[in-house]
Amino acid sequence: PLLYLSAYFEANRQEYYDRLLAVCQQGKWEDWLYFFLMGVSTQSLDAVQRITHLQALYQAYAELLQFERATERLMEVLSLLFQRPIVTIRQVETAVSVPYRSASRYVEKFVQLGILREITGQARNRIFRADQILFTIEGQL
């Protein structure tokens, strides 16, 4: 989820507990609601920033792919990576409805472009990760 309130509560843990306790002991609902709404506001601004960065990242990657052969299929793989930033060749094969060999070529193209990185170190059953997409989703801009 892009609106991740738990991150705000974790960053303000003591205040979170203090305000909850004040609600239970003193009925201070307004203070709790103010704290909660500040969390929604803070996390909403963070979500907008991450979405904006994701859109810019998608556009930059799309520009890298526009002159490649099979651009339409590569764009489908790119869209897949923004839905699922950690993939296998089999997952690409299924998602894009292409033979395994084609899916493997597409994944290799993304590796060559620096969009994907192989993370298992194995020759078979490899897993690939789109680091920049994940960093953006996780808020590590």
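Q: How do H5 and H6 sit relative to each other, roughly parallel, antiparallel or perpendicular?
A: In this predicted model, H5 and H6 are roughly perpendicular to each other, a label used for angles of 65 to 115 degrees, whereas angles under 35 count as roughly parallel, those over 145 as roughly antiparallel and the rest as oblique. Their axes cross at roughly 110 degrees and come within 8 Å, where axes are lines fitted to C-alpha atoms, for helices over the stretch in contact, and angles run from 0 to 180 degrees between N-to-C directions. Helices here are DSSP runs of H or I with at least four residues, and strands are runs of E with at least two, numbered from the N terminus.

Q: Which hand does that crossing have?
A: H5 passes H6 in a right-handed crossing; right-handed applies if the near helix is turned clockwise from the far one by less than a right angle, and left-handed if it is turned anticlockwise.

Q: And which residues meet there?
A: From H5, Ile89, Arg90, Val92 and Glu93 meet Tyr100, Ala103, Ser104 and Val107 of H6, with contact meaning heavy atoms within 4.5 Å.

Q: What sits in the loop between H5 and H6?
A: Ser97 is found in that loop, which runs between helix H5 (89–96) and helix H6 (100–112). Ser97 has a phi near 55 degrees, which is a positive value in a residue other than glycine.

Q: Is Ser97 buried or exposed, and why?
A: Ser97 counts as exposed because its relative accessibility is 59%, with exposed meaning over 50% relative accessible area, buried under 20% and partly exposed in between, using a 1.4 Å probe and protein chains only.

Q: Which loop holds Asn125, and what is its phi?
A: Asn125 lies in the loop between strand S2 (117–118) and strand S3 (128–129), and although Asn125 is not a glycine, its phi is positive, at about 55 degrees. Asn125 is exposed as well, with a relative accessible area of 67%.

Q: Before going on, what should I know about numbering and model confidence?
A: Residues are numbered from 1 along each chain as its sequence is written, and side-chain values use heavy atoms, leaving out hydrogens and water. Since the model is predicted, local features need pLDDT of at least 70 and side-chain atom pairs count only at pLDDT 80 or more, while totals for chains, interfaces and linings use all residues.

Q: Switching to the core, how many residues does the largest one have?
A: The largest nonpolar core has 25 residues, and those with the most contacts inside it are Leu81, Val92, Phe110 and Ile133. A nonpolar core is a set of buried Ala, Val, Leu, Ile, Met, Phe, Trp, Tyr and Cys residues joined through side-chain atoms within 4.5 Å.

Q: Which elements give two or more residues to it?
A: They are helix H3 (29–65), helix H4 (71–83), H5 and H6, with the largest share, 6 residues, coming from H4. Apart from this core lies another, of 6 residues, among them Leu5, Tyr8, Phe9 and Val23.

Q: What does Phe110 touch?
A: Leaving aside neighbours within four places in sequence, Phe110 is in contact with Leu65, Leu74, Val77, Leu78, Leu81, Ile115 and Leu116.

Q: How does H4 pack against H3?
A: H3 and H4 pack at about 155 degrees with their axes 10 Å apart, and that makes H3 roughly antiparallel to H4. The contact includes Leu54, Leu57 and Tyr58 of H3, and Thr71, Leu74 and Met75 of H4.

Q: And H4 against H5, at what angle?
A: H4 and H5 pack at an angle of about 115 degrees, with their axes 10 Å apart, and their crossing is right-handed.

Q: Last one: what does Asp131 pair with?
A: The side chains of Asp131 and Arg129 are joined by a polar contact of 2.5 Å, meaning a pair of N or O atoms within 3.5 Å, where within protein one must be able to donate a hydrogen and the other to accept it, and residues adjacent in sequence count only if both atoms are side-chain atoms. Asp131 lies in helix H7 (residues 131–137) and counts as buried at 17% relative accessibility.
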